[in-house]
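Q: Could you walk me through this structure feature by feature, giving the general idea each time and then the case at hand?

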Amino acid sequence: VKDLYSTLAKWINPIKTISAPLSISPLKRKIVFPQIRGLNIDTGLDLCASNAELYSRLLVLFISNSENEIVQQKIYLTENNIHLLKMSLHTLKGISANIGAELITQEISKIELYYRNIEASILPAELITMISKLHLEINFLLDELNNWHEFEIVPLGIDELTSEELS
């Protein structure tokens, strides 16, 4: 065995590695959050441990995820698929709560309470109306967030960087 390792070491050259930094620091930026009715920025930031970059990413994810959920909910409504509609609403409630979209979270809670108390195989007109109003509220938030997202990144000027960030 000793000879085997000697022979292997003689014929096999180790791969040379170049050490690289573990992470690359992104360009420093200042994030300015929008003031939107129904969106509590302080709550969202608290849930992200005051990490503005993370909260910004969650807002962007909310845009795509909630747009998809609305499309799915409309399909479930036309198919009268109550089970999948409930799951989609609950998912939307969770992602709304994570960003501090308190108005949407409250509206979905009302819808969940309403359908918990019904045993119908067909969705009542009142529930469909509640969901339609919810979609209007979500679309308002999405429009505002999309407008914000286009202009959310404000690069820091050189005079705004600290001496630590410059080194």
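**Reading the fold**

A: Of the 167 residues of the protein chain, 29% count as buried, where buried means under 20% relative accessible area, exposed over 50%, and partly exposed in between, with a 1.4 Å probe and protein chains only. This is a predicted model, in which local features need pLDDT of at least 70 and side-chain atom pairs count only at pLDDT 80 or more, while totals for chains, interfaces and linings use all residues. Residues are numbered from 1 along each chain as its sequence is written, and side-chain values use heavy atoms, with hydrogens and water left out.

Q: How many helices and strands are there in the protein chain?

A: Helices (H or I, at least four residues) and strands (E, at least two) are DSSP runs numbered from the N terminus. The protein chain has seven helices and two strands, and along the sequence they follow the pattern α-β-α-α-α-α-α-β-α.

Q: What span does helix α4 reach from its first C-alpha to its last?

A: The expected span of a helix is 1.5 Å times one less than its number of residues. Helix α4, residues 82-99, has 18 residues and reaches 26 Å, close to the 26 Å expected. Its buried residues are I82, L85, S88, L89, L92, K93, I95, S96 and I99, and among the elements that cover them are α2 (41-47), α3 (52-79), α5 (102-116) and α6 (125-151). Just after α4, G100 takes a positive phi of about 85 degrees.

Q: Which residues have the most contacts inside the largest nonpolar core?

A: A nonpolar core is a set of buried Ala, Val, Leu, Ile, Met, Phe, Trp, Tyr and Cys residues joined through side-chain atoms within 4.5 Å. The largest one here has 34 residues, and those with the most contacts inside it are L39, Y55, L141 and L145. At least two residues of this core come from each of α2, α3, α4, α5 and α6, and the largest share, eight residues, is supplied by α6. Leaving aside neighbours within four places in sequence, Y55 is in contact (heavy atoms within 4.5 Å) with F33, L39, N40, I41, G44, L45, C48 and I99.
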